[in-house]
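Reader: I would like to learn how to read the features of a model one at a time. Please give the general idea, then the case at hand.

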Amino acid sequence: MNVAFLGMGRMGREMARHISNGGHRLTVWNRTPGRAGELVAAGAREAASVRDAVADADAVVLMLFDDDSARQVLDEVVAGAPAHTIVINATSIAPATGRELGQVAARAGLRYVEAPVVGTIGPARAGTLRVLVGANEQDAAAAEGLLSLFGTTRHVGGIGAATSLKTVVNLGLALTTTALGEALRLGSDLGVDRDLLRRELSGGALGFILDYKQAMLADNDFQPAAFTLDGLIKDLRIATGSARRPLPMATITLALAAEASDAGHGEDDFSSLAAYYTAT
């Protein structure tokens, strides 16, 4: 299968490698050229433009940053891809945008599958991401062979269902990270031994995020980022913008995360939010 992979960010490079290793012919593209050196060295072709990348594609994968980039790139895909090409959008975007892009693809005769992933760089490298699939049954089945290269797939409904679920999942991640920061701040204010506090919190509701980011929090070093704070901010904005009712905890968390980003932590790992909250 000829597969065009559009977006060579941290996640995109790792995911694209599985396509190449899976025996498919891989073409890659990124707005800033030169980020796919290892993939090219392994046999992938780097295209000069989106239209060049998708011209003879059987499937196209988008792994971009946000709604605007997904819209812009899909416009180019629509202009250049053959009819009936499977378009897999793994970008984390707003549910309304997902439905909009599905309609754009359908009008162009393309088969659209939304497939946001749950997990960061480690699972992407290992091929153990959780892939949330939103599409009709036929298109989901057609995309399964590629999506399974990234990890475990779950077909959760039609277009809009997967982006909705991913929005909720990342909201939970953001709120838990902030809750951890507040717990660590209170422990510091009360003079609780930090190691004792971490051990106790590890066995409770905050245990997952604390254990997951223990080394970064202990060293106060949030590089390399598995998932950036700015990426989490983008997802928080999607959550607050998509809700029909107010999300007061999300709104407070978004304001705090934006403050941390303005203080220079935007490209740090998202767990820097907990440390920033504790320090301020």
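Reader: Is His-84 buried or exposed?

Author: His-84 is exposed, because its relative accessible area is 60%. The cut-offs are under 20% for buried, over 50% for exposed, and partly exposed in between, with a 1.4 Å probe and protein chains only. This is a predicted model, in which local features need pLDDT of at least 70 and side-chain atom pairs count only at pLDDT 80 or more, while totals for chains, interfaces and linings use all residues. Residues are numbered from 1 along each chain as its sequence is written, and side-chain values use heavy atoms, with hydrogens and water left out.

Reader: Where is His-84 found, and what is its phi?

Author: His-84 is in the loop that links α4 to β5 (86-89). Helices (H or I, at least four residues) and strands (E, at least two) are DSSP runs, numbered from the N terminus. The phi of His-84 is positive, about 75°, although His-84 is not a glycine.

Reader: What is the phi of Asn-220?

Author: Asn-220 has a positive phi near 55°, and it too is a residue other than glycine. It lies in the loop between α11 and α12, and counts as exposed at 55% relative accessibility. Pro-224 is found in the loop between α11 (214-219) and α12. A cis peptide bond joins Gln-223 to Pro-224, with omega about -5°. A further positive phi, near 75°, belongs to Gly-191, which follows α8.

Reader: What should the 14 residues of α12 span?

Author: They should span 20 Å at 1.5 Å a residue, and the end C-alpha atoms of α12 are 20 Å apart, which agrees. The expected span is 1.5 Å times one less than the number of residues.

Reader: Which residues of α12 are buried?

Author: Leu-229, Gly-231, Leu-232, Ile-233, Lys-234, Asp-235, Leu-236, Ile-238 and Ala-239 are buried. The buried residues of α12 pack against α4 (67-80), α5 (95-107), α8, α13 and α14 (272-279). Contact here means heavy atoms within 4.5 Å.

Reader: How do I read the packing of two helices?

Author: Two packed helices are described by the angle between their axes and the distance between the axes. Axes are lines fitted to C-alpha atoms, for helices over the stretch in contact, and angles run from 0 to 180 degrees between N-to-C directions. Take α12 (residues 229-242) and α13 (residues 248-265), which pack at about 155° with their axes 10 Å apart. That angle makes α12 roughly antiparallel to α13. Angles under 35 degrees count as roughly parallel, over 145 as roughly antiparallel, 65 to 115 as roughly perpendicular, and the rest as oblique.

Reader: Which residues of α12 and α13 make the contact?

Author: From α12 come Leu-229, Asp-230, Ile-233, Leu-236, Arg-237 and Thr-240, and from α13 come Ala-250, Thr-251, Thr-253, Leu-254, Ala-257, Ala-258, Ala-260, Ser-261 and His-265. By class, the contact of α12 with α13 has eight nonpolar, five polar and two charged residues. Ala, Val, Leu, Ile, Met, Phe, Trp, Tyr, Cys and Pro count as nonpolar, Asp, Glu, Lys and Arg as charged, and the others, Gly among them, as polar.

Reader: With which residues is Thr-240 in contact, leaving aside its neighbours within four places in sequence?

Author: Thr-240 is in contact with Leu-247, Ala-250, Thr-251 and Leu-254. Thr-240 and Leu-254 are 14 residues apart along the chain, and their C-alpha atoms are separated by 8.8 Å. Thr-240 counts as partly exposed, at 26% relative accessibility.

Reader: At roughly what angle do the axes of α8 and α13 cross?

Author: They cross at roughly 70° and come within 10 Å. That makes α8 roughly perpendicular to α13. The contact is made by Leu-171, Ala-174, Leu-175 and Thr-178 of α8 with Met-249, Ala-250, Thr-253 and Leu-256 of α13. It holds six nonpolar, two polar and no charged residues.

Reader: At roughly what angle do the axes of α4 and α5 cross?

Author: The axes of α4 and α5 cross at roughly 5° and come within 11 Å. The two helices are therefore roughly parallel to each other. Asp-67, Ala-70, Arg-71, Leu-74 and Val-78 in α4 meet Thr-97, Glu-100, Leu-101 and Val-104 in α5. The residues of this contact divide into five nonpolar, one polar and three charged.
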